[in-house]
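This report describes a few local features of one structure. Please look at the sequence and the model first.

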Amino acid sequence: MSVDLGTVRHIAKLARLHVEQEQAEALVGELNKILGWVEQLGELDTTGVPPMTSVVERSQPLREDVVTEEDSNSAVLANAPDSAHGFFVVPKVVE
Amino acid sequence: MSLIEGETGKWEVVIGLEVHAQVISRSKLFSGASTAYGAAPNSQVSLVDAAMPGMLPVLNRECVAQAVRTGLGLKAKINLTSVFERKNYFYADLPQGYQISQFKHPIVGEGTLTIDLPDGSTRDIGIERLHLEQDAGKSLHDQDPRRTFVDLNRAGVALMEIVSKPDIRSAEEAGAYIRKLRSILRYLGTCDGNMEEGSLRCDVNLSVRRPGEPLGTRTETKNVNSIRFVQQAIEYEARRQIEVLEAGGTIEQETRLFDSRKGESRSMRSKEEAHDYRYFPDPDLLPLVLEQSYVDELAAALPELPDEKKRRFMEDYGLSAYDAGVLVAEQANAAFYEAVLDGGKRDPKLAANWVTVNYFGALNASGVGLAEAPIDAKKLGGLLDLIADGTVSSRLAKEVFEAMWESGKDAATIVEEKGLKQITDESAIEALVDKVIAENPAQVEQYAGGENPKVIGWFVGQVMKASQGKANPGAVNQILKRKLGG
């Protein structure tokens, strides 16, 4: 598996990252190196070995269904660049 | 199979539905913020829901139980291991930049939902899967010309996405599917099914093909939030696709947005690139592992579901599929019917008729719910007793029922007050019959010509009229025949 310039541009767009042309060209090489390194793992025979999902041997902890939060309005809006009438305010996004 | 007639022949419509059902729980899927509807904006948002740095999601035990209950209610396979993944996309009401959902390993696998069709028949629709995921926040676009207002109260609330197989073949079946699913969810208490408040939302996947041919290219219509709109969206999209194909065009796989005011949908081209969601297992969450004994416990505690109840009503009470279907659609209605029967003391068919026709009719006409109705099960049962023992005729019973609905009084009181008691006393009826016979010699003559059933009917009508509807029609008939015949 390898990436080309087009793929790098596509990934950057999906991640909303602004990447200059020369950065993008450099990233093609870097990403391919990383991919090549990861692909080395494919040389091992992992038939019948379940994928490891965590380094800790435990199952999912669960929370009781209780409301633990007070009215959060001022806390969550405290760092918002813009707010009005209790809402976050952002530039217009319409379909 | 229902086919649509095009310009160039018949077409089959193939539909799959994705329903997003909001889980009934006090707190959100991964946080302790409240899920209550209608709160002030951003008042029910934890720092997890707002995606503040360093916050970690912890899964809500009850939401897991609700998903398993729903899976069991859909006779589906419960997957003892399931995995939460991140579905990545950017939108102003999704602060994390991804939705925590399930992709490759959903908590519930394949199941079946049996739909009830208007002719009383049923059809099985396959369930593909059910998975748990977070809801997004809500954006208000119409408050300001240049800005969008965002409320995150809904962000992080648990949803069950329930995906059907492409087994649905018409708008009518789609309506039946949603009604049945909603009924099951309400019986289970896992979703309130309120489409107006958005706790049940639907996306329609649709393609058309010539009967017997492979599946055509499908489109997905989003944002269809009532059963009527789902049906409109299906009619519109099926017609649109057939027109495109018959004009020699091809269908593009795309997402379309339904406009309920116009009853039309339009392409959402902007969504196309965003469809690259780059799912991957959420590193903040371990796989969810359930014990079979836990699933068995939940299964043992499930209520009687609509299909089982319908079967029992048909077998034990001798009801038709249609009547049983009407009665079991809502759990409260079925409970009301059984309360009227009072442990089988009353005639089940008579009771079914009065509950579905007169009682539900009155509820609809007055726009009140079962809980606020002026007549409870006990009072309606009292009226049925008076019909059964002959105190009131079934015709006058309707009048008694109306008066009960008006006043809230019980049947016996109304009958007493209005003097509607049926006349069963033979001598009183005889007197009325004699009077009618004496006043109508011409008709007596006609009858003597050969026991004309039309004429005897006319006589019964006259005697009933003379008794103000209170005479027992059976007795009137008998006495008339005896008197006229002799």
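## Basis

This is a predicted model, in which local features need pLDDT of at least 70 and side-chain atom pairs count only at pLDDT 80 or more, while totals for chains, interfaces and linings use all residues. Residues are numbered from 1 along each chain as its sequence is written, chains are lettered from A and ligands numbered from 1 in the order in which they are written, and side-chain values use heavy atoms, with hydrogens and water left out.

Helices (H or I, at least four residues) and strands (E, at least two) are DSSP runs, numbered from the N terminus.

## Strand E12 of chain B

Buried means under 20% relative accessible area, with exposed over 50% and partly exposed in between (1.4 Å probe, protein chains only). In a regular strand the side chains alternate between the two faces of the sheet. One side of E12(B) carries Leu200(B), Cys202(B), Val204(B), Leu206(B) and Val208(B), the other Arg201(B), Asp203(B), Asn205(B), Ser207(B) and Arg209(B), and both faces are covered.

E12(B) pairs with strand E2(B) (residues 10-22) in the antiparallel sense over 10 bridges; two strands pair if DSSP finds at least two bridges between them. Here Cys202(B) is the bridge partner of Val19(B). E12(B) is also joined to E13(B) (residues 219-224) by four bridges, again antiparallel, and Thr221(B) in E13(B) stands opposite Val204(B).

## Helices H10 and H11 of chain B

The axes of H10(B) (residues 377-388) and H11(B) (residues 394-407) come within 11 Å and cross at roughly 160°. Axes are lines fitted to C-alpha atoms, for helices over the stretch in contact, and angles run from 0 to 180 degrees between N-to-C directions. The two helices, H10(B) and H11(B), are therefore roughly antiparallel (over 145 degrees; under 35 is roughly parallel, 65 to 115 roughly perpendicular and the rest oblique).

Lys379(B), Leu380(B), Leu383(B) and Ile387(B) of H10(B) meet Ala397(B), Val400(B), Phe401(B) and Met404(B) of H11(B), where contact means heavy atoms within 4.5 Å.

## Helices H6 and H8 of chain B

H6(B) (residues 306-317) and H8(B) (residues 331-341) pack at about 25°, with their axes 12 Å apart. That makes H6(B) roughly parallel to H8(B). On H6(B) the contact is made by Lys309(B), Arg312(B), Phe313(B) and Tyr317(B), and on H8(B) by Ala334(B), Tyr337(B), Glu338(B) and Leu341(B).
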